[in-house]
Amino acid sequence: MALVLNEEQIMLKDSAAGFLAEKAAVPQLRALRDSGSETTFDAAVWREMVEMGWASIAIPEAFGGLGYGYTGLGLVLEQVGRHLSNSPLESAVLVSATLINELGSEAQKQQWLPAIAAGETQFSLALQEGAHHNPQQLATTARREGEGYVLNGSKVLVLDAPSAQQFLVVAMLEGSEGPSVFAVPADAAGLTVESRAMVDSRAAGALMLDNVSVGADALVGEAGAAGPALERTLDIANIGLAAELLGLSVEAFERTVAYLQERKQFGRIIGSFQGLQHRAAELFAELELARSIVLKALQAIDEGADNLPLLASAAKAKLCEVAQRASNEAVQMHGGIGMTDECEIGFFIKRARVAQHTFGDYNYHLDRFAQLGGF
Amino acid sequence: MSELEQFRAETRAWLEANCPQSMRTPARGFEDIYNGGRKPEIDHPDQKVWCDRMAERGWTVPTWPKEYGGGGLNKEEAKVLAQEMARISARRPLDSFGISMLGPALLQFGSEEQKKEHLPPIARGEIRWCQGYSEPNAGSDLASLATRAEDQGDHYLINGQKVWTSYADKADWIFCLVRTDSSGSKHEGISFVLFDMDQPGVTVKPIKLISGSSPFCETFFDDAKALKKNLIGEEGKGWTIAKYLLTHEREMISGFGTMSRESLGQRAAKIVGADASGRLANGVLRQNIAQYQLDAMVFGYTMARIGDEAKAGQGLGPASSIFKYYGTELNKRRNELNLAVQGEVALGWDGDVYDGGQLSRDWLRSKGNSIEGGTTEVQLNIIAKRVLGLPDA
């Protein structure tokens, strides 16, 4: 497929940009943060996003979605990155709907996907357990009891946990080699959801599962068989996060270049100094590279490309590297003002690090890229 | 059968009948490609046969118009020809600066008479060209060039010196930037002229590089003569043509970064060793190679994206300005890593055991990629000013 956007995609991108700039940009994020609310997104704005069809973009038409594919969702996520717009679009749609679609039985898809597309039920994936993303090492367990299952363990970095109604908990079922996924309602007995405020002013949560009983229908797909679907979901999630990081990095860069064009020191516009010009030019080149791998990886999802794992790790690793550099340079080139809370640039570096870390950081994905590349 | 399929069938049959067997092996390097000229270097007699047969059909320059010795093919047909040549591993019959650089410039800026005079001999491989651009004091700052051209009525008298003139010792004619006026700004008063190298006022001296012998030369003009009818474009407006050709050259050099076919990481795992899970045993080297391979892959997609955007009519965006800078820096990284991976073998300079020092010579030669055709620093200046709109110092 040609590495270009078609007209429909450009329209979607432009309409997302316009909406988010007005309704869910940095001033709104700041206001939500300062309100001290546990829910760190605006539910009314999220409702509007759902009405515009954003929650259904990548869900197949058979299950109440638009079947428009991940390239479209990625374009919206890039705009989300530009404006640091918080909503359950990633936790519920990009990650949870994808996992249900990849793993769930026909009946489960019929039950849950239309509810996600309509914004009625908010799911979130509960995967990470330690300080780092490490899906190969799971300590959370499940055992069969009666018709159902009993879960024990703990999870961290469960995105939007305080507002989620259902958790997709990844656990090792006794007697299985591979992981299993269970849908656990937020109000299940024995489940404690601890809200944790993160540096990016978004809410994540820690889950404690203490003998949580669920029914037989809570098992998503087949027992012990979630591995491949989980891997594909994580690849898609990382490509979506890379799209967000692209928007974030480009926005931070453009704001920085604008600052270089107006700030004066030593009687000169500081953007005239070659020491800053070359750093900005190098960063521009990196951002152009970043844009290419994000588009390539998004298209690979929709095409069902065989090398999706390699492209996903390439996209996430590259965008982690570029976002780190862009956000660090943004603060440095803004100078003292860049260190103040009043300046919006600080919000970008904070969100960048959380998005980088989520589902595997630069080190994780560069290592995986090398391994998939045969060395 | 569609017209294009008809064309494919005919092309395939013609190539089968006319491409000599000896020309059906991929070229191992630039030296395997025939360059033509009045004093051609012929490694194999079939080179000339192959070139003549292709030139007769205009297929040495398939997309040039027929009246100038080209094949008059459209893009789809040219693609079919390239595919059919690749199918039998046929070498390009002819390559020269005339084809890659002067030809496109003449097609764009030359008069009808100039095109008729100069393009057909390029297409037939009869005249080999070199490019007279850089001077000892006009490298990165090319527009400050000082080679003078004095108006003598029907011709110019040329005095001065060029440097880094690739293959000047083998070329028949030169396309040259000269100063016809030094009263205005440095970008004005530059003219683009063509003249014969085979005259008493032209002296050529090859340059030896840190990598050994090279195609580069110093070229001296002492009352060399250029006929006025060979002035391309208007007098004093040669900078426009120079810029057009520099863009062309930068795209060619940036292609160097993507020439590697083999994964460096896999080769390193064999040479340096791997652990039980197949990971390259030296973690530091592994990380360096992974970073390089990631960037090389993403750069490849970037070139593809810019090409696709141009085809979709979205124009050659600002991203094209990063090609020269990024491609050459990548090639330097690849060569440094190659040295690190191959170890002792890559440090040889001569003899069969070191393949004539190919690895070390390639490594050294790559250092010039980010200097020739506009240094990395000049490219970054261009991006900062023209793309990002940052002010002059």
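**Domains, chain contact and backbone in a predicted model**

Me: Which domains does the domain assignment of chain A give?
Reply: The bounds come from an automatic or database domain assignment. This is a predicted model, in which local features need pLDDT of at least 70, side-chain atom pairs count only at pLDDT 80 or more, and totals for chains, interfaces and linings use all residues. Residues are numbered from 1 along each chain as its sequence is written, while chains are lettered from A and ligands numbered from 1 in the order in which they are written. For chain A the assignment gives domain 1 (7-121), domain 2 (124-220) and domain 3 (227-372).

Me: How many nonpolar residues are on the side of domain 2 of chain A that touches domain 3 of chain A?
Reply: The centres of the two domains, taken over C-alpha atoms, are 30 Å apart. Their contact (C-beta atoms, placed from the backbone, within 7 Å) takes ten residues from domain 2 of chain A and eleven residues from domain 3 of chain A. Ala, Val, Leu, Ile, Met, Phe, Trp, Tyr, Cys and Pro count as nonpolar, Asp, Glu, Lys and Arg as charged, and the others, Gly among them, as polar. On the side of domain 2, two residues are polar, two are charged, and the number of nonpolar ones is six.

Me: Which helix gives the largest share of the side of chain B that touches chain A?
Reply: The contact takes 39 residues from chain B and 33 residues from chain A. Elements giving two or more residues to the chain B side are H7 (264-272), H8 (283-311), H9 (322-342) and H11 (376-387) of chain B. That side divides into 23 nonpolar, ten polar and six charged residues. The largest share, 15 residues, comes from H8(B).

Me: At which residue does H5(A) bend?
Reply: Helix H5 (residues 89-103) of chain A has 15 residues and reaches 19 Å from first to last C-alpha, close to the 21 Å expected (1.5 Å times one less than its number of residues). The bend at a residue is the angle between axes fitted to the seven residues ending there and the seven starting there. For H5(A) the bend is about 30°, at A:Ser96.

Me: Is A:Leu157 buried or exposed?
Reply: A:Leu157, in strand S3 (residues 148-159) of chain A, has a positive phi near 50° without being a glycine. Most residues other than glycine have a negative phi. A residue is buried if 20 or more other C-beta atoms, placed from the backbone, lie within 10 Å of its own, exposed if 12 or fewer, and partly exposed in between. A:Leu157 has 21 such atoms, so it is buried.

Me: Is A:Phe266 buried or exposed?
Reply: A:Phe266 also has a positive phi, about 55°. The residue is in the loop between strand S9 (264-265) and strand S10 (268-269) of chain A. Because 8 other C-beta atoms lie within 10 Å, A:Phe266 is exposed.

Key
Contact = placed C-beta atoms within 7 Å. Helix = DSSP H or I, 4+ residues; strand = E, 2+ residues; numbered from the N terminus.
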